[in-house]
Amino acid sequence: MIAALLISFAVALAAPWIARRRAGRGAWLLVLLPAALAVYFAALVPTVAQGTAALAVRTWAPAMGVTLALRCDGLSLFFALLITVMGALVVAYSIRYLADTGQRGRFFAYLLLFMSAMLGLVLADDLFALYVFWELTSITSFLLIGFDNAQEKARSAARQSLLVTSSCGLVMLAGFILLSIAAGGTFRISEITERAGEVRAHGLYAPALVLIAIGAFAKSAQFPFHFWLPNAMSAPTPVSAYLHSATMVKAGIYLLARLTPALGGTAPWFALLASVGTLTMLIGAVLALRSTDLKRVLAYSTIAMLGMLTYLLGAGTERSIAAAMVLLLAHALYKGALFLGAGAVDHEAGSRDVRQLGGLARCMPMTATAATLAAASMAGLPPLLGFAYKEMTYAASLELEMAPVLLTSAAVLSNALTVIAAGIVAVRPFWGSRMRDTVHEAPVAMWLPPALLAGAGLLLGLFPGPVTRLVIDPAIAAIVGQPAAAQVSTVPHWNIELLLSVVTIATGVLGYLCWDRLRTWLAMIDRASDYGPEHAYHAAVKALQRIAVMQTRALQHGYLRYYLLTVFATYLLLTAGAMLVHGVPAALPDALPSAALYEWLLLVLLVAAAIAAILTGSRLVAIMALAVLGFGIALLFLIYGAIDLAMTQFLVETLIIVILLQVMRRLPPIGPPTRHTGRPRVHALALSIAFGLLVTVLLIAVIQQPFDDSISDYYARASVPEGHGRNVVNVILVDFRGLDTMGEISVIATAALGAWALLRARAGGTR
Amino acid sequence: MSTLVLRTTAHLLIALLLLFSLFMLLRGHDLPGGGFIGALLATGAFTVYMLAFDPAEVLRITRGGHYHRLIGTGLATAAASAVLPMVVGRPLFTGLWIELQLSGKAEPLHLGTPLLFDLGVYLTVLGAALTLLMELEEDT
């Protein structure tokens, strides 16, 4: 499994190169990747359906208990199949959709990278691995939303999605850590699930739940984090179909489902998820009716359905979870089809505004059929799969212990509004009076994927048995913890659920017929959204920028002198302050240390050089004096036996002098010391004397502590047998503490590159 | 400064310094030396060349002066030496060593991934120092 994931990433990275082969036809090869992965996961269906999960573990940092663990049980397999099959269809669709834009290779790379990251997310059994993949999906989504990066709208929408989902992702990480503490220190989800009892009883349960929920809510566009999703519609339509309806936004739902055995079943769980979910599904459904852009209507109705999923997961009964799984499948199928259909309409008719479209069924029969079938599933008409989900939802809501009537009514209302949205998206553009002429049917690659998706919705509605047994039941079993047998059927039975469905559809149809009038009423809501969460986001970003500008202007004034003053003064205040409070840990030494004559002479030389550097009026002399200081210190190192250090100091000093001389050639001359006013000099003098005294006291304190040589002893002993080297300093740098050295050379590289950029920019060259 | 003397000795000095820098790199593990010191010595070589002749000369002998490529190569080498043990199943940054028995020597020659890492350090520091040095010379 790990190999499959790695291959997926590798192909994704190579995608631009592959897509350029054979004048662009090579892109069709890229469809093979998701298709092959789908076949691979389909092969796992028999074993997983019986209850055994496929496991692949690689140890990463055993000392910290972090492993790369992939576990494919019913839930993961369900999602993996969804991701790969939809991926194949979307890639095929995009090849044609983006045929006339450049940079297709970049698009496919991002898309396939996203797919690989999403697969990693649903397969991960280790909390940290899950988090890494989670953030990877956020980043690739950012890249895809802002794909048309010439447009300001796309850029700001991308930034918004990244800021909202990533900052809440950080909050979620904190929740993960709390969760692992509550479970006794393990990071493996399967182990946490086994210890569910002690997790739920732990004092950290509530904070962990809230923090993790925030992350999941942001990713799945729940209120109040929902505002990024409609703006994400600036992305190319295949992206909207894949990420923002079928897969990425379901990641939060997946996380909640995955953690249900560990965190679910308690009153806080129910309260949090049911309330947020219900609120979201109502808000989303209402806002869907306000827009006339096809994609925004679909986006808001996605938010509504995500709210429904959250509510169903919060309810936690076996029937509600079964309903959630069916909704997941049905929603992915119909939403994907509708988005791809909307893209086809946009591509052919040039507009996404419903007011300008009508009667397209005559010119685009295949797209119209696909869209209509999908919309029927969305409205919940039998015998499509959407009808099954509705019945199951109502049944589950009615048997809840807490507030069944309220929640069921909310569900009915939300579904009714969804019916209206379905009408807006499918009936209005395709049927009715003709508004445009000369519109062609979309090419095969663009009507076939939505047709397949919509057709699957019909097929699975008619024959739900095999898919239920093989895919949905294992998923439910993975969440609930015992084998499940869901009753998925689209045959209407005479019961209260049917009545509710009839009420839903009737209300929806009525609402659709009065949609234009509804829209004018809903315009009053626009005023309210000025105070909504999106406004809060914009205000927060603006405030952040203002603070950044203020702080930069105050601290980064450009005077090196004042930077140094600030740094030294702060250090002095903090350390001297601490010593005043806790007492000085040093005692005056009782005698002068014994040292050879040449050491004393060296010391005198160093002090003389320092004084010369201060008092001289010529910059050249000052630099030479500093050089003497540097070389003198190197000599000191040599005298005390630190040869590597001495050599490095000699060489660094030489280079610094050369660079200083080069810089000096460009600066204006200092002039005699009397040019400066007395004041700054006194400050500097006082500060430097105080600083020198402070460091001296600290050094004396350090020397007077007993020296613990266990670490140096270990290194000295282990240097030859484990490090294969006799130079302990080098062995430590390169072998024992290699990671630190890696960080150091990265810093050196960054500094050099930064200096290079600055010097180049100043020269104004474009070499 | 007597540039004639410098120019005459520069060629010799540069060859010596470059060889010495490589020598320092290779012997770092058992005797004082190592990647940092070697890189700084090599930078010293180029500095002498720059002071003796034109900076344009240095650009010529480094074929255009794309020092940032050195930096990238160095970082990649260091990273590769860290990741290499993972290919054979050991954790990150494990030192892998092979021993070569040379004829006529009692002790075998140790070659390992820390040496590769040191080479990466050498290239990175060399690239960084050359960048800082040469870019300042650009527009005088």
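What does Arg717(A) count as at its relative accessibility, buried or exposed, and why?

Author: Arg717(A) counts as exposed because its relative accessibility is 55%; with a 1.4 Å probe and protein chains only, buried means under 20% relative accessible area, exposed over 50%, and partly exposed in between. The model is predicted, so local features need pLDDT of at least 70 and side-chain atom pairs count only at pLDDT 80 or more, while totals for chains, interfaces and linings use all residues. Residues are numbered from 1 along each chain as its sequence is written, chains are lettered from A and ligands numbered from 1 in the order in which they are written, and side-chain values use heavy atoms, with hydrogens and water left out.

The side chain of Arg717(A) meets that of Asp713(A) in a salt bridge, 3.7 Å from N to O. The term stands for a side-chain nitrogen of Lys or Arg within 4 Å of a carboxyl oxygen of Asp or Glu. Both residues sit in helix α33 (residues 710-723) of chain A, four residues apart, or about one turn of the helix. Helices (H or I, at least four residues) and strands (E, at least two) are DSSP runs, numbered from the N terminus.

Over all chains, the whole structure has seven salt bridges. Three residues, Arg71(A), Asp73(A) and Arg258(A), are linked in a network of them. Asp73(A) bridges to Arg71(A) at 3.4 Å, N to O, and Arg71(A), at a relative accessible area of 25%, is partly exposed. Asp73(A) counts as buried because its relative accessibility is 8%. In the bridge from Arg258(A) to Asp73(A), the closest N and O atoms are 2.9 Å apart. Those two residues come from distant parts of the chain, 185 residues apart: Arg258(A) is in helix α14 (residues 250-258), and Asp73(A) is in the loop between β2 (66-72) and α5 (74-97). Arg258(A) and Asp73(A) are both buried.

Now the chain that holds these pairs. Chain A has 35 helices and two strands, and buried residues make up 49% of its 767 residues. Its C-alpha trace spans about 105 × 60 × 55 Å along the principal axes.

The largest nonpolar core has 204 residues, and those that touch the most other members include Phe108(A), Leu179(A) and Met325(A). Such a core is a set of buried Ala, Val, Leu, Ile, Met, Phe, Trp, Tyr and Cys residues joined through side-chain atoms within 4.5 Å. Helix α18 (residues 318-349) of chain A gives the largest share of this core, 21 residues. Apart from it lies another core, of 35 residues, among them Phe36(B), Ile37(B), Ala78(B) and Met134(B).

A buried polar residue can be followed in the same way. Thr302(A) is in helix α17 (residues 294-315) and counts as buried because its relative accessibility is 0%. Its side chain makes a polar contact of 2.9 Å with that of Lys335(A). A polar contact is a pair of N or O atoms within 3.5 Å; within protein, one must be able to donate a hydrogen and the other to accept it, and residues adjacent in sequence count only if both atoms are side-chain atoms. Leaving out residues up to four places away in sequence, Thr302(A) touches His244(A) and Phe339(A), among others, where contact means heavy atoms within 4.5 Å.

The last part is the interface. There, 43 residues of chain A are in contact with 44 residues of chain B. Helix α35(A) gives the most, with 17 residues.

Val734(A) belongs to helix α34 and is buried because its relative accessible area is 5%. Residues up to four places away in sequence aside, Val734(A) touches Pro114(B), Phe117(B) and Asp118(B).
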